[in-house]
Amino acid sequence: MADLASIRTPYYRYDLDLLKETVDFASAEANRYGYTIHYAIKANHDPVIAGIIRDRGLGADCVSGNEVQRSLELGFPAQGIVFAGVGKTDEEISLALEKDIFCLNCESVEELQVIDEIAARSGKIARIALRVNPSVEAGTHRNITTGLDENKFGISMPHLKSALNICSTSENLDFTGLHFHIGSQISSLEPYRNLCERVNAIWHEYDIEGYGGYVLNLGGGYGIDYNNPEGNPVPDFRSFFSLFSENLRLPVGTEVHFELGRSLVGQCGRIVTKVLYTKQGIGRKFVITDAGMTELMRPSLYQAVHAIKNISSSGEPETYDVVGPVCESTDVFARDTELPVTKRGDMLEILSCGAYAESMTLNFNLREKAGKVYISGNTVINGKQYHEDDETALISGNGHGYLHKV
Ligand code: LLP
């Protein structure tokens with residue numbers, strides 16, 4: 001059996017069984033109401049992870065031409081792909097039209113005019129959803145709120161009418177409906193209840209059905225439990241989807257779509273990192289790991305807190321600052337956190353790193369890209385099937401270690 005200790009750290013460790021359980025639960029709960037889920041591939045575009053999600057019939061939510069391209073390459077059907085983003089380039093718009101994706105989630109009147117022109121020029125009809133900025137507070141960190149007036153996202157309410165008029169008069173635009181996304185890591189259902197009320201009001205006041213609107217895309221944002229990931233590994237999708245079914249008042253036949261990222265993949269990933277030094281500072285002790293903000297930016301960008309475990313020690317608890325090696329003072333995973341007494345060579349796990357960790361890596365300081373390991377009872381990696389007794393399960397190359405079943 002390949003030896004976990006021989007894999008170069010840091011690496012991402014993905015639990016594919018937990019991923020499958022999570023996606024299956026989300027799908028089953030969404031199916032109760034006939035809702036459609038698109039996977040927000042920005043959360044993690046790893047091909048094995050995205051492949052598992054694709055196999056379960058979800059669509060893809062993209063925010064760049066490369067994400068559209070990647071989703072297509074991974075086998076997501078074009079008809080299940082939606083494409084949002086405030087700054088789509090002409091090339092990205094052309095790609096979306098050429099590939100005939102389900103729709104472009106358009107974020108401004110100005111963008112709508114450009115899509116109209118490009119569609120006319122290329123003899124295509126562009127399917128459009130208008131992304132509305134609904135001024136709904138998401139109750140999350142300011143840096144990951146998207147549905148307020150101060151945010152760059154979506155068409156603000158005073159401009160919705162003119163956007164609808166452009167859609168209805170243009171021969172090159174096919175209006176499908178409205179799109180909303182109010183923020184990320186939303187841990188209470190209250191903001192979604194408020195969103196439903198706003199959507200109900202907008203749908204009726206603007207007669208969205210009268211414009212041919214039949215799709216309501218409510219975006220994503222459902223949070224995960226960063227405080228207790230092992231106690232609560234699968235989000236409560238039952239409460240989530242039932243809230244919408246109870247609160248939406250839409251014409252019969254309206255399709256309801258979601259774009260979930262973090263809630264599907266967040267808990268299936270961890271970063272495994274080695275302690276390089278424990279250093280005594282003034283009034284504090286630092287644990288210095290070989291992973292840094294280059295592998296997980298969330299703490300330095302949003303003061304995010306990820307649970308950390310020392311899997312090598314069961315000593316008495318001590319208080320540490322856990323920091324990375326990167327040349328930035330914000331390269332800190334946790335301040336004043338308790339770990340069992342920790343020493344050089346110990347292995348730590350940083351939990352809840354399945355979403356917005358690997359997909360946001362930096363190569364600042366010319367750091368190498370971390371490797372990854374997939375854990376599952378029955379795994380295929382890079383097209384090769386691995387068995388529990390497979391001696392060659394560890395492959396090394398480009399600094400990546402792949403290991404099946406430890
Ligand atoms: N749809 C749209 C239009 C989005 O902008 C996003 C996320 C999603 C769906 C998926 O949201 P989720 O279900 O994953 O919350 N890097 C930040 C999160 C940024 C989210 C950006 N947009 C973090 O690490 O917390």
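Reply: A polar contact is a pair of N or O atoms within 3.5 Å; within protein, one must be able to donate a hydrogen and the other to accept it, and residues adjacent in sequence count only if both atoms are side-chain atoms. Here, Ser184 places a polar side-chain atom 2.4 Å from a ligand oxygen atom. For Arg298, the distance from a polar side-chain atom to an oxygen atom of the ligand is 2.6 Å. In the side chain of Lys42, an N or O atom is 3.3 Å from a ligand oxygen atom. This is a predicted model: local features need pLDDT of at least 70, side-chain atom pairs count only at pLDDT 80 or more, and totals for chains, interfaces and linings use all residues. Side-chain values use heavy atoms, with hydrogens and water left out, and residues are numbered from 1 along each chain as its sequence is written.

Me: Which residues around the ligand come nearest?

Reply: A residue is near a molecule if one of its heavy atoms lies within 4 Å of it. The ligand has 18 residues around it, and Ser184, Glu259, Arg298, Tyr302 and Tyr356 come nearest.

Me: Why does the ligand lie between domain 1 and domain 2?

Reply: Domain bounds come from an automatic or database domain assignment. The ligand lies between domain 1 (4-11 + 267-405) and domain 2 (32-260) because both give residues to the shell around it.

Me: Where is the cis peptide bond?

Reply: Most residues other than glycine have a negative phi, and most peptide bonds are trans. The bond from Thr9 to Pro10 is cis, with omega near -5°. Helices (H or I, at least four residues) and strands (E, at least two) are DSSP runs, numbered from the N terminus; Pro10 is in the segment before strand E1 (11-15).

Me: What is phi of Ser352?

Reply: Phi of Ser352 is near 60°, a positive value in a residue other than glycine. Ser352 belongs to the loop between strand E16 (347-350) and strand E17 (371-375).
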